[in-house]
Each structure stands twice: as structure tokens, then as C-alpha cells.
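Here's a quick tour of one protein chain, going from the overall picture to a few individual residues. Have the viewer open as you read.

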Amino acid sequence: MALHLLEDWCKGMNINPRNCILVTGVPEAFDEGAIEPILRVSTEYLSKCKMRGRMFVREEGAFAVLCELPSAVEPLQVPSTIAVEDGEWTVITTGSQPSPVPASDVAFLKKMSAFLGKEGKTLADMPGLLGLDPGVPQRESAPSPDEWVKALGQALEKVMPPHPESSPYRKLRLFSGGPTPIPGEEAFEPWLEHTTEMLQEWAVPDAEKRRRLVECLRGPALDVIRTLKLSNPGVKVKDCLEALDHAFGRTEGSDDVYCKFLNARQQKGEKVSAYIQRLEKLLQRAIMRGAVAVGQMDRTRLAQIVRGIQYQNPILLHLRLRERQDNPPSYSQLIKEVREEEERQAAGEVWEEEVTILIANETRRD
């Protein structure tokens with residue numbers, strides 16, 4: 001009944017039920033203004049939910065609340081109940097299971113959903129990952145267990161990265177930060193640039209990157225990370241590098257670092273790909289100093305590339321970089337496109353376009 005109420009309510013309000021949740025069991029005397037804040041702090045996934053209305057359900061003797069999320073709800077990310085002071089509320093989604101599901105299956109699906117989330121995907125993307133046509137209507141009968149195993153196997157083959165322990169990797173260079181450098185240790189700035197670049201390239205979880213970072217540290221540098229982990233055991237690699245930069249890097253303010261980034265221009269004879277790689281190092285330092293927000297990284301990078309590349313550069317035109325500033329590509333995608341375009345130009349492949357030019361004589365002369 002609750003699922004039908006969710007669907008009918010959304011239909012009456014002309015909103016997509018897949019973007020909504022229904023919260024039932026809210027006491028009649030409960031403050032209406034406190035409902036949305038409680039839902040938002042209950043779990044990070046609901047932090048952006050918006051209450052669209054509430055309705056008294058006579059059979060339950062309590063209110064039902066309709067909330068909308070910015071995008072399609074991922075059922076496995078939503079708790080089935082939310083604990084409150086006087087009891088608990090029940091949460092219903094369009095993907096709620098009508099019958100109990102084995103705990104092992106729920107745990108597996110949650111892990112699957114979490115993995116897909118790290119890759120920027122959701123369970124709704126599964127048909128596309130499997131090469132299925134999303135336009136084909138879903139059949140009424142449920143897939144057989146063998147079909148599910150085959151489908152999941154195909155998906156994992158496409159998106160599962162190699163296990164960290166099974167994939168070879170170059171060890172990071174040693175760094176101690178002590179007054180007497182250890183054999184093979186280099187200065188902090190070159191070490192930081194190399195380490196940042198290597199960590200960005202490795203397709204492994206952040207915890208594995210942090211482990212590999214700790215492996216290469218000695219002395220005072222290792223003490224910095226140990227102290228950081230005491231206050232936050234799950235500290236991100238980005239925060240570790242930032243702490244090391246504050247302890248051993250140049251004492252540059254955020255304004256100075258950002259100014260260097262904005263003043264970086266493509267040099268004469270420098271390839272666009274080389275310019276972008278050089279600019280990326282400056283951008284990472286600006287992020288570490290807090291001059292650029294991580295969420296604005298791609299947009300800030302592309303805006304500076306458009307300003308810094310030599311005017312009318314063919315790559316700037318062919319890749320339509322100016323036109324893509326509202327939806328900028330990631331660094332990996334951008335550098336891939338640029339290098340491929342450079343290879344095409346080096347091979348003598350030239351883009352040809354037909355341009356119509358209209359000339360009007362606005363003088364009195366012939």
C-alpha cells in the first residue's frame with residue numbers, strides 16, 4: 001500500500017517517483033519543520049532531499065511524508081528505517097523489495113552499488129554496461145540465477161580494476177624531510193610532483209594509495225602522516241600530501257600559488273600536451289593551498305588552458321575547448337584527446353572545413 005501511495009502521490013504532483021522516497025510512521029504531534037532536517041542528517045545520501053508534502057494515513061494513525069532527491073534514488077543507499085527519539089520511521093522507495101531478501105544478497109548488492117558508485121556508475125547503468133539496448137522494454141519474468149551470474153560477470157569484466165596486489169606498480173621515491181637526506185632522497189618539490197602524478201595514475205582505492213604513500217616516507221615526514229592518522233584514521237591521500245606540503249614545501253600563500261597558475265602560458269614551441277601537464281602541477285599546488293576548490297578543478301583547468309594556449313591554435317579549435325567550458329572534461333580525458341589530436345596532426349591528417357565568406361564594399365570606390 002505504501003508503494004502505491006508513493007506512486008500515486010508523485011503522479012498527482014507530476015514528479016518522477018524514481019526521484020522520491022516516502023517516509024511513513026511520522027507521529028501526528030511531530031513538528032513538521034523538523035522532519036526534513038532529521039532526514040538530511042540521518043545519512044549522507046539524503047543530505048539533499050527536499051520535503052514536498054505530508055499526508056495523514058488513517059490506517060496507521062500517523063503521517064506519511066514525500067521527499068524528492070536531485071536524481072534517481074538508489075534503493076541500496078537508502079536506509080529502510082530511520083531511528084528517531086520516539087521510535088523509527090519507515091522509508092519506502094520505488095525499488096523497495098516487497099518480500100524479504102537474504103542478508104547475504106543485500107550485502108553483495110550494497111558492495112556492488114558502492115563499487116559502481118566509485119566508478120561514477122549506478123545499478124541503473126547496468127544495461128548500458130552490458131551492451132543492452134535501453135530502449136527495449138523489460139520482460140515481465142525475472143531473470144534466472146544463471147542469467148544474473150552471466151550478466152554480473154560481464155559487467156565486472158568491463159569495469160573491475162585489477163586487484164592492487166596483482167598489478168605491478170613503480171614504488172614511490174623515498175622522502176624523509178630530515179636535516180640529513182637519506183641515500184637516494186631528492187628535494188621535496190620534485191618528490192611532491194612525481195608522487196602526485198603517480199598517485200593520480202594508479203586506479204586503486206584511496207586507502208591503497210595512502211598505504212603506498214606511507215611506504216615511501218621516513219623520519220619526520222612519516223611522523224607528519226602518523227600524527228594526521230591519529231586524529232583521522234581514514235584521512236584522504238590529498239590531505240596527506242597537503243600536510244606534507246605545509247610541513248616541507250615552500251612557504252607560499254594561496255594567492256601566490258594561484259597567481260602563478262593564472263600566469264602560466266604556453267611557451268613558443270611547447271606542445272599543448274606538455275603545457276597542460278605543466279599547468280596541472282601548478283593547479284594541484286593551488287588546490288593543496290586551498291586556492292581552488294576540488295569541485296571546480298576541471299572548470300578552472302579548462303578556463304586557464306583556453307587563456308594560456310597560443311591564439312588560434314588548431315587543437316583549441318578542433319577540440320572546441322572554448323565551447324566546452326560549461327561541461328569541462330576531466331584531466332585524463334582532456335590529455336588523451338589532446339595527445340591523440342597531436343598525433344593526427346603529426347601524421348599529416350588535417351581537418352578540412354568549408355567556410356563561406358561574405359564581403360561587402362561599404363566605400364564609394366570600386
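## The chain overall

What percentage of the 366 residues in the protein chain is buried? The share is 34%. Keep in mind that we're looking at a predicted model.

As for secondary structure, the protein chain has 14 helices and five strands. Take the contacts between residues at least 6 apart in sequence: 63% of those join residues at least 24 apart. The chain exposes about 23,400 Å² in total, and 52% of that comes from carbon and sulfur atoms.

## Ser 273, a buried spot

Ser 273 sits in helix H11, which covers residues 272-288. It counts as buried because its relative accessibility is 8%, and the cut-off for buried is under 20%.

Who's around it? Setting aside neighbours within four places in sequence, Ser 273 is in contact with Ile 335, Val 338, Arg 339 and Glu 342. With Glu 342 there's also a polar contact, side chain to side chain, at 2.9 Å.

## Two positive phi angles

Asn 14 isn't a glycine, yet its phi is positive, near 60°. You'll find Asn 14 in the loop between helix H1 (2-13) and strand S1 (20-26). With a relative accessible area of 71%, Asn 14 is exposed.

Arg 320 is another non-glycine residue with a positive phi, this one about 50°. Its loop runs between helix H13 (314-318) and helix H14 (331-346). Arg 320 has 47% relative accessibility, so it counts as partly exposed.

Technical notes: Residues numbered from 1 in each chain as written. Predicted model: local features only at pLDDT ≥ 70, side-chain atom pairs only at ≥ 80, totals over all residues. Heavy atoms only, no water. Helix = DSSP H or I, 4+ residues; strand = E, 2+ residues; numbered from the N terminus. Buried < 20%, exposed > 50% of the residue type's maximum accessible area, 1.4 Å probe, protein only. Polar contact = N/O pair within 3.5 Å; in protein donor to acceptor, adjacent residues only side chain to side chain. Contact = heavy atoms within 4.5 Å. Areas by Shrake-Rupley, 256 points an atom, 1.4 Å probe, with all protein chains shown as cover.
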